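The following note sets out points for a colleague who has the coordinates at hand.

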Amino acid sequence: MNSSIRRVAICTGGGDAPGLNAVIRAATIAAMGKGWEVYGIREGFNGIFFPERYSDGGVFRLTRDRVRGITHLGGTILGTTNKGNPCHFPLKMPDGTIREVDRTDEILEFFAKRELDALISVGGDGSLTIANALAEKGLRVVGVPKTIDNDLDKTFTTFGFDTAVAFATECLDRLHSTAESHQRVMVVEVMGRYAGWIALHAGISGSAHTILIPEIPFDLDKVAAKIRSRDLHGRMYSLVMVAEGALPRDGHRMLAAAAETGHAERLGGMGELVAKGLQERTGKDTRVVVLGHLLRGGSPTSFDRLAALRFGAAAVRALDEGQRGVMVALAINGVNYVPLAEVAGRMKGVPLDGDTLATARDLGICMGDD
Ligand code: F6P
């Protein structure tokens, strides 16, 4: 349809998520079907900034053979990075200090020099904000929403989330029996950044007794009361699901690492804090399991594979239809396009008036506030 496109590039940025390879495969095959050449950029935009690091020069041709048999594989054949945002790139100065510089012009120059007509940028909030900045500078960009956290606005879901929830649910299933055998409190910390989607969905599916999410600041005394009440009813064990971004009413978020130039802060440690507080309050033997990066690995579920394949193919259709500066998004009746500007920098938390949260409360799950 849009004969002006002959060559497109694909990049994957931010934390990896199951389904990235399915997007790459679908986009490559769909683009080749239109007669376009497809190129993969290595590790975010590092393939452009640091060609000397790669034996293939950092940007390489994607062919049918390169994308064969990868739909079910976790990770990304392009590699990814969550360091070195091109809009705020950390550059080491001769005096050893680090300064943030905007390197987006270099990306545009690279596209012009290599006669690349468009970019498919697969990523989460950070990558889509960069994609929006590039689109505003005139690059023809289509974004694809990726993150296990499901915290992107304007799309019903992101790929990677379902796989993370399925794995966390299976972990809870396994923890019930050992917690019950030992009459213990098991605290399970999951990723999700500042949103509680993974904790809430897996917590309900895996029958956690308490779920602590960033959207509802918690009171540990309420959680301890829930554990005591279960004990009184002869249910001598409890599973407590904690989102890494969960927030005590009278405290603050736990950080595993502070933000550095070009790299966001890393959350982590809330599970440990909650376990310690519960052990002190209830006197019960308490253990912590941090699922961490296990949630990002492995094979995508069929839901995530299909979503990723649909997103990859839709990104190519969007470009072919002349769209630019949009993200492909999942709506209940199919894939549609939303302006990147409406997604960039906006986080989607768990709605406090949604039925999923209401379901948790209806099931008697303690949310740390009642
Ligand atoms: O955004 C995805 C995510 O896995 C978050 O859930 C988590 O907070 C973060 O990335 C961890 O990032 P890193 O790769 O730096 O450990």
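1. A disulfide is taken here as a pair of cysteine sulfur atoms within 2.5 Å. By that rule the structure holds zero disulfides. For cysteine 87, the closest cysteine sulfur belongs to cysteine 11 and lies 12 Å away, which is too far for a bond.

2. The model is predicted: local features need pLDDT of at least 70, side-chain atom pairs count only at pLDDT 80 or more, and totals for chains, interfaces and linings use all residues. Residues are numbered from 1 along each chain as its sequence is written, and side-chain values use heavy atoms, with hydrogens and water left out.

3. Cysteine 87 is buried, at a relative accessible area of 18%; buried means under 20% relative accessible area, with a 1.4 Å probe and protein chains only. Cysteine 171 is likewise buried, at 13%.

4. Two domains are assigned, by an automatic or database domain assignment: domain 1 (7-159 + 300-342) and domain 2 (164-297). Their contact (heavy atoms within 4.5 Å) takes 17 residues from domain 1 and 14 residues from domain 2.

5. Between domain 1 and domain 2 an area of about 1300 Å² is buried, and carbon and sulfur atoms give 57% of this area. Buried area is the accessible area (1.4 Å probe) that two parts lose on being put together, summed over both.

6. The rule finds one salt bridge across the interface of domain 1 and domain 2; the term denotes a side-chain nitrogen of Lys or Arg within 4 Å of a carboxyl oxygen of Asp or Glu. Arginine 296 and aspartate 16 form a salt bridge through their side chains, at 2.9 Å from N to O.

Conventions: Buried means under 20% relative accessible area, exposed over 50%, partly exposed in between (1.4 Å probe, protein chains only).
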